[in-house]
Amino acid sequence: MTHPTETKTAPKTALVIGVTGSFGGHTAQALLKHGWRIRALARNPELAAQKAGIRTPIEWVKGDAMNPAEVMAAAQGADVIVHGANPPGYRNWRGLAVPMLRSTIAAAEQTGARIVLPGNVYNFAPDAGAHIDEDAPQAPVTRKGRIRVEMETMLRIASVEGAKVLIVRAGDYFGPAAPNSALGWQTTRIRGRIRSVYAVGPAEVGHAFAYLPDLAETTARLLERQAELADFEVFHFGGHWLDRADELAASIRRVTGDAKLPIRPFPWAMVYGLSPFVETFRELIEMRYLQAKPIGLDNAKLVAFLGAEPHTGLDAGIRATLSDMGCLPEPAEDHSMFAARA
């Protein structure tokens, strides 16, 4: 029992930039469950609040991630800044991703907050292998990969200039409340039913996937122990390593109950043909190598620190994702962006 003269510790505050996105939204949800206060930066707070749900306990702040002064103002009093902002459709990474991160870094250096960045595998060469650890050399072969290395270098420098950093690196996202996740572009859908699954690379090539609720819970658990973290800390999230790419289609077949669900070649010829006119297609071509080589992450450091990595079974994760997409015959569960409600 708390003594009347004792004061309770105030909840920690996280500023989330990109709260309506996949990583930002799920991480905010996980932090709410752990008792954090969530403050969210949004260009249109009213619209963002509608998407999150009117009962979601969020302090909305009007602002733009490209505006350093607005990010600085929103970060006052925050313990953590979750930098989930990402240019949509791979577009204009150079012009958007770096300036947005620069705004976050300036705010973190001034407030002493820890920046949380979702890392990816773009930093590594195609032959990096299926067990990449945190100390592996970063040798990107694409423009976006070089930008990601530049961003992480910016964060490393910031960590000696007043900010703290946590990078949680993961594979391809899937999960509910993630419209741009892997299942969105690796399936075809007609009238709310999955009609086929795309084979985007050779069936025998393994691939890493990250179920977003597990990734977000991992991030929240790491932040609960941030006093034990170095000023610049990187953890690799193992997620689901599929030894064969066609294991994803096999899971979708099991979940939908359609053992004959077609597996079709991805329409790369169309993507190449339209790439001069569609920027997203050009960017997709640049990253095609990720489907041709087995690139996965070693989570030994993470498991040693947390004791275990939160892990939802593949079929259960696929079921929740397809349910949220409205692609299962049974009524979908409530997988709104924030499960936590006031």
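Helix α8 passes helix α13 in a right-handed crossing; a crossing is called right-handed if the near helix is turned clockwise from the far one by less than a right angle, and left-handed if anticlockwise. Please note that this is a predicted model, in which local features need pLDDT of at least 70 and side-chain atom pairs count only at pLDDT 80 or more, while totals for chains, interfaces and linings use all residues. Residues are numbered from 1 along each chain as its sequence is written, and side-chain values use heavy atoms, with hydrogens and water left out.

Helices (H or I, at least four residues) and strands (E, at least two) are DSSP runs, numbered from the N terminus. Helix α8 covers residues 246-256 and helix α13 covers residues 314-324; they pack at an angle of about 65°, with their axes 9 Å apart. That makes α8 roughly perpendicular to α13. Under the convention used, angles under 35 degrees count as roughly parallel, over 145 as roughly antiparallel, 65 to 115 as roughly perpendicular and the rest as oblique. The axes are lines fitted to C-alpha atoms, for helices over the stretch in contact, and angles run from 0 to 180 degrees between N-to-C directions.

Which residues of α8 and α13 meet? From α8 come E247, L248, S251, I252, R254, V255 and T256, and from α13 come L314, D315, I318, R319 and L322. Contact here means heavy atoms within 4.5 Å. The residues of this contact divide into six nonpolar, two polar and four charged. Ala, Val, Leu, Ile, Met, Phe, Trp, Tyr, Cys and Pro count as nonpolar, Asp, Glu, Lys and Arg as charged, and the others, Gly among them, as polar.

Helix α8 also lies across β8, β9 and β13, running at about 170° to β9. These strands form an open sheet in the order β8-β9-β13, with mixed pairing. Strands β8 (187-190) and β13 (263-265) stand at the edges, each with a single partner strand, so one side of each has no neighbour in the sheet. Neighbouring strands of the sheet are turned by 35° against each other on average, direction ignored. Two strands pair if DSSP finds at least two bridges between them; β8 and β9 (residues 193-199) pair in the antiparallel sense over four bridges. Within this pair, T187 stands opposite V197 in β9.

Finally, I turn to another helix pair. Helix α3 (residues 68-75) and helix α4 (residues 93-111) pack at an angle of about 40°, with their axes 8 Å apart. The two are therefore oblique to each other.
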